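Please read it alongside the sequence and the structure shown here.

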Amino acid sequence: MRRRFLLLPFLWLMAASILFVPAAVPAGQSTPTTPTLAPSNTDPEEVVTVTIHRRTFEPDPVKLHAGQKTKLVFYNQDVELHAFVPVGLFVGVHLNVSGNGAPEFGTDGFKRVIIPSEGRAEFRFVPDHPGVYPFFCDMPGHEMKATIVVE
Ligand SMILES: [Cu+2]
């Protein structure tokens, strides 16, 4: 009887030591963060809108920022179709195209998008190389061009 009485606290301690093993270092503290230049999902997105009005891109130049998550929107306010044809801007860049335009892709990636009247084309990407990138509308007779400056 006395033996059993002593054994009980001992068993309880054994069980407690198994159940209450100190937790490992809390998640988040143990993993060192690797420095990266890539924007995270929580980084704010810079929205830049280019309006197309009377066969003119506005503003010109369009200013973007290298390394910045960007939503570039082209809004066609004219009653006719226009196209956005970039030169070099999207080379080697991961690109998400949306809106109600008609995008065209070739072996080198995005070629152009045709934007209907009152329509819009949206590009989500991160400009990675500072520079001056021309773009134009290749609809016959339009002769519309402007530049995007990535700072
Ligand atoms: Cu045009």
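The secondary structure of this predicted model comprises 1 helix and 11 strands, and along the sequence these elements follow the pattern α-β-β-β-β-β-β-β-β-β-β-β.

- An open sheet is formed by 6 strands, which are arranged in the order 3-11-10-5-8-7 with mixed pairing.
- Strand 3 (62-64) and strand 7 (102-106) stand at the edges, and because each has a single partner strand, one side of each is left without a neighbour in the sheet.
- Direction ignored, neighbouring strands of this sheet are turned against each other by 25° on average.
- Within the order given above, strand 5 (residues 82-86) pairs with strand 10 (residues 131-137) in the antiparallel sense over 2 bridges, and P86 stands opposite F135 in strand 10.

**P116 and its surroundings**

- P116 is located in the loop that lies between strand 8 (109-115) and strand 9 (120-125).
- Because 17 C-beta neighbours lie inside 10 Å of P116, this residue counts as partly exposed, given that the buried class requires 20 or more and the exposed class 12 or fewer.
- When residues up to four places away in sequence are left out, P116 touches N76, L81, N100 and G101.
- The C-alpha atoms of P116 and D78 are separated by 8.6 Å, although these two residues are 38 residues apart along the chain.

Note on methods:
Residues are numbered from 1 along each chain as its sequence is written. This is a predicted model: local features need pLDDT of at least 70, side-chain atom pairs count only at pLDDT 80 or more; totals for chains, interfaces and linings use all residues. Helices (H or I, at least four residues) and strands (E, at least two) are DSSP runs, numbered from the N terminus. Two residues are in contact if their C-beta atoms, placed from the backbone, lie within 7 Å. Two strands pair if DSSP finds at least two bridges between them. Axes are lines fitted to C-alpha atoms, for helices over the stretch in contact, and angles run from 0 to 180 degrees between N-to-C directions.
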